[in-house]
Amino acid sequence: MYRVILVLLVFFIGSSPSFSADYKKVALVSVSSKYNVQKVDKIKESLTECHYQVSTKYLNQFVSDFGYVGSDRSRAKHLIDALLDDDIDVVWFVLGGGGAMNLLPYLEQAHSQLVKAKPKIIVGFSDVTAIHNYLNEKLGWNSLHGVVAMLNANVLDTQVDPSGDSKPRINDMEPIPNIDRIHTDGIYYDQILPMNQAAEMTPVEGVLVGGNHTLVAATIGTRFSPDFNGKVLFLEDVGVSYRQLDRSLQQLLFLNDFNVSGIVFGQYYPLEADDANRLIYKTVIAEFAKKFNKPVYYYPAIGHGRENHPLILGSGVSLQCDDGNEYCALEQKIN
């Protein structure tokens, strides 16, 4: 298992609005695929045990024809109401799936209100990437790329098959993060694998952006595309073959004005991948790194696997590879 060390850092980049000093009041929201409403009590119990105060007033599932938790308009209303609620510190997404990108025009329409709101920290990943990118790019808010409320070690019950082996689940080994601790101590991961000589030789600093590769790629060329200039891009995905990943990486090579400082890749291989499967995905990334003239790193402890270590999107990140070390270090602190 990858080691996670939380340390006090002094690295700052950018001038984003900082989070509140106390992240206790959580609003649960869901803007993507339908979820199991019977799990909500377990989610509340788990978050409460982690010393969060949980509100469910913005949950209102009425499954649409596409399997979303509601219509685009209703999902957007509940999300925007939560983001505008001054009594809330954290907006935690129940589940990912699909549909969040449909809400971007509604967030755009509410921009004049949102820009005056108390900055919140949103927590989630996968389909939530669409919301992360909007809040990072358009409002200058930081956000936490991390476990959704329904998929984490605190909520998921261990499933045992007839042979007695536990059945792996997405993020079932990743606990609910302590946001106060991350705010105070920052984040430090020391097993980041450099994938090209540029990563080994060149320290990287920049604002971290990105998330799910499919969602990031879907916004490229639109008015909702992130500004990649000088940024460090994080990407992960699930449900893509290694050939599909290779095709997606060719797009990055062909992009105009793609002046990132570096790219960090998370997990792409399936949840129950064997060694050969893990290796082929890593090889695809390695082949891309040979052609890309900026630093490329690999850290599969983030994404749709059993682990999903948190990252602070919209905030500064530094990556440093010391001479003689096989791995590099990633450091972050909330602005």
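## Cavities

The count comes to 2 cavities of 30 Å³ or more. A cavity here is a set of points on a 1 Å grid, over the protein atoms alone, where a 1.4 Å probe fits but cannot get out, and lining residues have an atom within 4 Å of a point. Grid points are joined across faces, edges and corners, and a volume is the space filled by probe spheres set on the points. This is a predicted model, so local features need pLDDT of at least 70 and side-chain atom pairs count only at pLDDT 80 or more, while totals for chains, interfaces and linings use all residues. Residues are numbered from 1 along each chain as its sequence is written, and side-chain values use heavy atoms, with hydrogens and water left out.

The largest cavity has a volume of about 60 Å³. Its lining is made up of S30, Y35, Y58, L59, N60, Q61, V69, G70, S74, R75 and H78. Sorted by class, that is 4 nonpolar, 6 polar and 1 charged residues. For this sorting, Ala, Val, Leu, Ile, Met, Phe, Trp, Tyr, Cys and Pro count as nonpolar, Asp, Glu, Lys and Arg as charged, and the others, Gly among them, as polar.

Around it sit L104, A130, N133, Y134, E137, K138, T219 and F224, which split into 4 nonpolar, 2 polar and 2 charged residues. Which helix gives the largest share of this lining? That would be α5 (residues 129-139), with 5 residues. Helices (H or I, at least four residues) and strands (E, at least two) are DSSP runs, numbered from the N terminus.

As for cover, 9 of the 11 residues of α5 are buried, where buried means under 20% relative accessible area, exposed over 50%, and partly exposed in between (1.4 Å probe, protein chains only). Among the buried ones are A130, N133 and Y134, and these three also line the second largest cavity. Just after α5, G140 takes a positive phi of about 75°.

## The chain as a whole

Zooming out, the chain has 10 helices and 16 strands. The C-alpha trace spans about 55 × 50 × 40 Å along its principal axes.

Of the 335 residues, 54% count as buried. Among contacts (heavy atoms within 4.5 Å) with a separation of 6 or more, 80% join residues 24 or more positions apart.

## Two loop residues

Is P270 buried or partly exposed? P270 counts as partly exposed, because its relative accessibility is 33%. This proline is found in the loop between β12 (262-265) and α10 (275-291). Leaving out residues up to four places away in sequence, P270 touches N277 and Y281. From P270 to G239 the C-alpha distance is 7.0 Å, across 31 residues of sequence.

A301 lies in another loop, between β13 (296-298) and β14 (311-313). With 0% relative accessibility, A301 counts as buried. A301 and E174 are 127 residues apart in sequence, and their C-alpha atoms are 9.7 Å apart in space.

How values were computed: 1 Å grid on protein atoms, 1.4 Å probe; cavity = no way out; pocket = protein on both sides within 12 Å on 5 of 7 lines; lining within 4 Å.
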